[in-house]
Amino acid sequence: QVQLVESGGDLVQPGGSLRLSCAASGGILSIYTMAWYRQAPGKERDLVASITTGGVTNYAGSVKGRFTISRDNAENTVYLQMSSLKPEDTAVYYCYADILSQFTRRTRYWGQGTQVTVSS
C-alpha cells in the first residue's frame with residue numbers, strides 16, 4: 001500500500017527557516033507530480049508549490065522567493081525549504097503525490113499533514 005510520510009513541522013520564529021520532507025513508499029513504480037499544500041484554520045487547502053518529474057516547479061505567489069521545492073527521485077522524496085517565514089505561513093502542510101504503484105492504477109495520494117507554526 002502506498003504511503004506518504006511527512007516530517008519537519010515545528011514552531012519557528014518569524015524570519016526563521018524550516019525544511020519539510022515527505023517520503024513515499026509501498027510498491028511504487030513511478031511518481032509524477034509531487035507538491036505541498038497547506039491549510040490554515042477556517043480556510044481551504046491551497047497549493048504552496050509543485051514539482052514535476054523533470055523538475056519543473058510552480059509556486060504560489062505568496063511564497064515565491066521564500067520557499068523552494070525539490071525532489072529526490074531515487075529516494076521518492078519531496079522537500080520544501082521554507083525561509084523568511086511569516087506568521088501567515090502558519091498552517092498544516094500536506095504532501096501530495098501522483099503515483100503509479102504495483103497495486104493500483106495511477107492515483108493521487110495525500111500525507112497526514114505536519115503542523116508549521118510561525119510565532120514569536
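Author: One term to begin with: buried means under 20% relative accessible area, exposed over 50%, and partly exposed in between (1.4 Å probe, protein chains only). This is a predicted model, where local features need pLDDT of at least 70, side-chain atom pairs count only at pLDDT 80 or more, and totals for chains, interfaces and linings use all residues. Residues are numbered from 1 along each chain as its sequence is written, and side-chain values use heavy atoms, with hydrogens and water left out.

Reader: Thanks! Is S84 buried or exposed, or in between?
Author: S84 is partly exposed, at 41% relative accessibility. S84 belongs to the loop between β8 and β9 (strands are DSSP runs of E, at least two residues, numbered from the N terminus).

Reader: What is phi of S84 near?
Author: Near 50 degrees, which is positive in a residue other than glycine. Most residues other than glycine have a negative phi. N76 also has a positive phi, about 55 degrees, and is not a glycine. N76 sits in the loop between β7 (67-72) and β8 (77-82) and is partly exposed, with a relative accessible area of 24%.

Reader: New topic: how many disulfides does a search of the whole structure find?
Author: The search finds 1, counting a pair of cysteine sulfur atoms within 2.5 Å as a disulfide. C22 and C95 form it, with their sulfur atoms 2.1 Å apart. The pair links distant parts of the chain, 73 residues apart: C22 is in strand β3 (residues 18-25) and C95 in strand β9.

Reader: Why is it left-handed?
Author: Because the torsion about the S-S bond of C22 and C95 is about -80 degrees. C22 is buried at 0% relative accessibility, and C95 is buried at 0% too.

Reader: And how many aromatic pairs are there?
Author: A search of the whole structure finds 3. Rings of Phe, Tyr and Trp (its six-membered ring) pair if their centres lie within 6.5 Å; planes under 30 degrees apart count as stacked, over 60 as edge-to-face and the rest as tilted. Y96 and W110 are edge-to-face, 5.3 Å centre to centre with 65 degrees between the planes. Y96 is in strand β9 (residues 91-101) and W110 in strand β10 (residues 107-110), so the pair ties together parts 14 residues apart in sequence.

Reader: Which residues do ring pairs link into a cluster?
Author: Y37, Y96 and W110. Y96 is buried, with a relative accessible area of 11%, whereas W110 is partly exposed at 38%.

Conventions: Helices (H or I, at least four residues) and strands (E, at least two) are DSSP runs, numbered from the N terminus.
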